[in-house]
Amino acid sequence: MFDLDRWREIFQSINKNRLRSVMSGFTVAFAILLFTLLFGVVSGLSNFFKDAFADDAQNSMFVRVWKTTKPYKGLQLGRRIQLRNNDFDYVTDEYASKIQYQSARIYKNFNLKYKNNADSYSVRAVHPDHQFLEKTVIEEGRYLNARDLKERSKVIVIGRLIKRDLFGEKPALMKRLNVNGISYLIVGIFSDDGGDNEERLAYIPVTTAQMLYGNNDYISQINLGYDPNLSLDAAITFGNRLEKDLRNKLNIHPDDQSALSVRNMAEANQNVGQFMFVLYFIVIIVGSGTLIAGIIGISNIMIFVIKERTKEFGIRKAIGAKPSSIVTMVVLESVIITTIAGYLGLTLGTVLLKAEWLREVLEEYFIKDPDVSPGIVMGATIVLILAGLIAGYLPAKKAANIKPIVALRAD
Amino acid sequence: MIEIKKLHKSYPIGKDSLHVLKGIDLHIKEGEFVSIMGSSGSGKSTLLNIVGLLDVHDEGEYYLNGQLIKDMNEKKAAILRNKFLGFVFQSFNLISYKTALENVALPLYYKGMNRKERLKVALEYLEKVGLKEWANHLPNELSGGQKQRVAIARALVTKPKVVLADEPTGALDSTTTDSVMDLLKDINDEGMTVFVITHEEEVAEQTKRIVRLKDGVIISDEYTKAAKAV
Ligand SMILES: Nc1ncnc2c1ncn2[C@@H]1O[C@H](COP(=O)(O)OP(=O)(O)O)[C@@H](O)[C@H]1O
Ligand SMILES: [Mg+2]
């Protein structure tokens with residue numbers, strides 16, 4: 001039953017009483033605007049945290065060693081712990097089913113030289129799996145492979161920025177690079193999302209490094225990628241057990257965090273998850289608060305508006321308006337105003353969140369790509385429309401049932 | 001048209017109640033032109049409001065167009081008002097944000113007439129009260145007399161059986177008073193029942209029957225010279 005005349009009546013009333021309409025709309029628009037911004041900011045925070053951990057694989061674990069800080073089994077504190085190949089193999093053997101990727105790391109610092117260009121760079125000696133643990137992206141050529149390791153080849157994969165530093169625009173692939181006086185073949189060039197430092201690195205086979213630099217079986221660190229099918233809890237348990245087993249194997253006090261530790265992304269993920277949970281909890285509270293304030297605002301204004309219009313209702317009734325037609329008129333007015341105002345608030349909020357200058361400011365506060373899901377805002381708007389409906393209905397019903405003679409006397 | 005028997009009305013005032021109408025008997029036939037006179041507070045408006053279904057009585061019987069008015073809910077009352085009654089108030093009671101034409105057309109909206117038709121009819125009635133040129137003006141751009149004529153056009157536009165006017169000239173000067181009374185006379189000549197409250201003798205004398213009210217009872221009810229002249 002679309003009644004054009006009724007809508008004409010309502011739009012005239014809204015349009016001719018602009019101040020009143022704008023006033024009632026303002027509260028709603030403001031509430032929705034705040035709501036939009038709030039959710040935008042939180043989604044931005046969440047994006048920032050997701051990004052911050054995007055550099056390395058989400059399921060990575062590092063086994064790191066340093067000096068003992070607790071005496072254990074007659075051994076003194078201050079003892080320097082050294083990981084060896086057999087520790088690496090021990091991990092492989094014991095935990096194969098829980099591990100997706102595994103790589104050793106040896107940290108080196110070498111002078112890299114091509115023709116007249118030379119500089120000092122960090123070089124990591126690793127296994128092929130390291131590519132996936134570090135999310136290394138091959139731009140040209142290839143990464144290290146099993147054959148390189150087996151043959152202890154003198155091959156090197158260099159970062160995009162090393163290539164730029166030493167080769168400029170000229171091709172670098174399959175060129176020979178002087179690494180502290182030893183000639184290596186460049187087999188690959190890579191990029192990495194982790195920032196400039198991650199792209200001023202070079203990778204060589206772990207076996208080559210062990211043979212050429214000390215002829216030992218030392219490794220600096222073991223990097224793991226746990227099976228991504230493990231739950232966060234299972235992954236954390238795995239990390240704790242690995243830590244315990246390795247401390248036991250290396251005669252380290254079970255609580256000596258400094259001597260050997262396993263840094264587990266699962267724990268970080270869990271912390272981030274908890275942090276986001278708390279954040280969303282706060283947002284839900286603040287968001288509902290904003291909405292409730294909006295609802296109270298509309299209700300108050302509607303009560304005021306209806307009081308102001310009591311006489312008009314009296315006149316309308318004296319000339320034949322049924323109470324229901326007055327209630328319908330007021331409720332529809334209220335709903336139209338809240339809908340339009342809600343839409344304006346939403347649009348303004350979305351436009352603001354997309355504004356470049358605001359994004360730049362927000363980025364400094366760890367808020368990245370703020371955005372609101374339309375679903376949430378639609379939900380909020382619907383709540384406000386319902387509120388407008390109720391806020392309009394109750395006082396309108398009361399006003400519509402006032403005896404016309406009383407209503408006419410009102411002023 | 002209007003038949004009232006032993007009508008009583010009291011207003012509650014705190015714990016007490018103020019007995020305003022104390023047994024009114026009144027019979028107004030179709031086509032009559034009646035005025036009610038009486039000092040302020042004698043209950044004139046109360047009576048008119050009850051007749052106009054704007055208020056309800058406590059005791060007695062009231063028949064409008066042969067129908068007993070009893071246990072009226074607001075909806076039924078609204079329909080009857082729209083169908084049978086037209087109101088003219090002392091304070092005009094025009095809707096301020098609507099033009100003269102829209103004010104006159106509003107009762108037809110509640111009757112369910114379409115927009116084009118009701119604007120046409122409303123304009124005819126504005127012409128009848130001599131305000132065709134003012135159709136698109138808002139009430140605050142009109143003089144008191146003009147506003148009252150708009151209100152009369154609005155009261156007439158549904159072709160009611162009875163026009164009820166509560167001191168329609170109370171806020172007007174003597175020349176505009178005359179023009180408003182002339183209008184009411186014309187309406188009555190067309191056969192409409194007109195029921196008007198006034199406390200001005202000159203106004204009452206232009207009607208055909210004067211009912212005098214004092215302290216809630218009718219003290220006299222007689223036809224005027226104007227009636228005898230017809
Ligand atoms: N709603 C009301 N509540 C209480 N007293 C009222 C109300 N309306 C009118 N009265 C009182 O009833 C009496 C008659 O009022 P009214 O019919 O308006 O008189 P008139 O129109 O003759 O001046 C007055 O004393 C007035 O104060
Ligand atoms: Mg009065």
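Predicted model: local features only at pLDDT ≥ 70, side-chain atom pairs only at ≥ 80, totals over all residues.
Chain B comprises 8 helices and 10 strands, and of its 230 residues 53% are buried. When contacts in chain B between residues at least 6 apart in sequence are considered, 69% join residues at least 24 apart.

Within chain B, an open sheet is formed by 4 strands, which follow one another in the order S2-S1-S4-S5 with antiparallel pairing. In general terms, the strands of a sheet pair through backbone hydrogen bonds, in either a parallel or an antiparallel manner. In chain B, strand S1 (residues 2-13) pairs with S2(B) in the antiparallel sense over 10 bridges, and B:Pro12 stands opposite B:Ser17 in S2(B).

Helix H1 of chain B, spanning residues 44-51, packs on this sheet, where it touches S1, S2 and strand S4 (59-64) of chain B, and the direction of the helix makes about 120 degrees with that of S1(B). Of the 8 residues of H1(B), 7 are buried, and the helix is therefore largely enclosed by the rest of the structure. The buried residues of H1(B) are B:Lys44, B:Thr46, B:Leu47, B:Leu48, B:Asn49, B:Ile50 and B:Val51. Following H1(B) is B:Leu53, a residue with a positive phi, near 60 degrees.

In chain A, helix H12 (residues 323-354) takes part in a contact with helix H11 (residues 310-318), the axes of the two coming within 10 Å and crossing at roughly 140 degrees. Because of this angle, H11(A) is oblique to H12(A), and the crossing in which H11(A) passes H12(A) is right-handed. On the side of H11(A), the contact is made by A:Glu312, A:Phe313, A:Arg316 and A:Lys317, and on the side of H12(A) by A:Pro323, A:Ile326, A:Met329 and A:Val330. Sorted by class, the residues in the contact of H11(A) with H12(A) are 5 nonpolar and 3 charged, with no polar residues.

Helix H1 of chain A (residues 4-16) also packs with H12(A), at an angle of about 60 degrees and with the axes 10 Å apart, and H1(A) passes H12(A) in a right-handed crossing. H1(A) contributes A:Arg6, A:Trp7, A:Ile10, A:Phe11, A:Ser13 and A:Ile14 to the contact, while H12(A) contributes A:Thr328, A:Met329, A:Leu332, A:Glu333, A:Ile336 and A:Ile337. By class, the contact of H1(A) with H12(A) is made up of 8 nonpolar, 2 polar and 2 charged residues.

Elsewhere in chain A, A:Glu139 lies in strand S5 (residues 137-141) and is partly exposed, its relative accessible area being 47%. Although A:Glu139 and A:Phe190 are 51 residues apart along the chain, their C-alpha atoms are separated by 5.0 Å. With residues up to four places away in sequence left out of account, A:Glu139 touches A:Ile189, A:Phe190 and A:Ser191.

Definitions and conventions: Residues numbered from 1 in each chain as written. Chains lettered and ligands numbered in written order. Heavy atoms only, no water. Pairing = 2+ DSSP bridges. Contact = heavy atoms within 4.5 Å. Axes fitted to C-alpha atoms, helices over the stretch in contact; angles between N-to-C directions. Parallel < 35°, antiparallel > 145°, perpendicular 65-115°, else oblique. Left-handed = near helix turned anticlockwise from the far one by under 90°. Nonpolar A, V, L, I, M, F, W, Y, C, P; charged D, E, K, R; others polar. Buried < 20%, exposed > 50% of the residue type's maximum accessible area, 1.4 Å probe, protein only.
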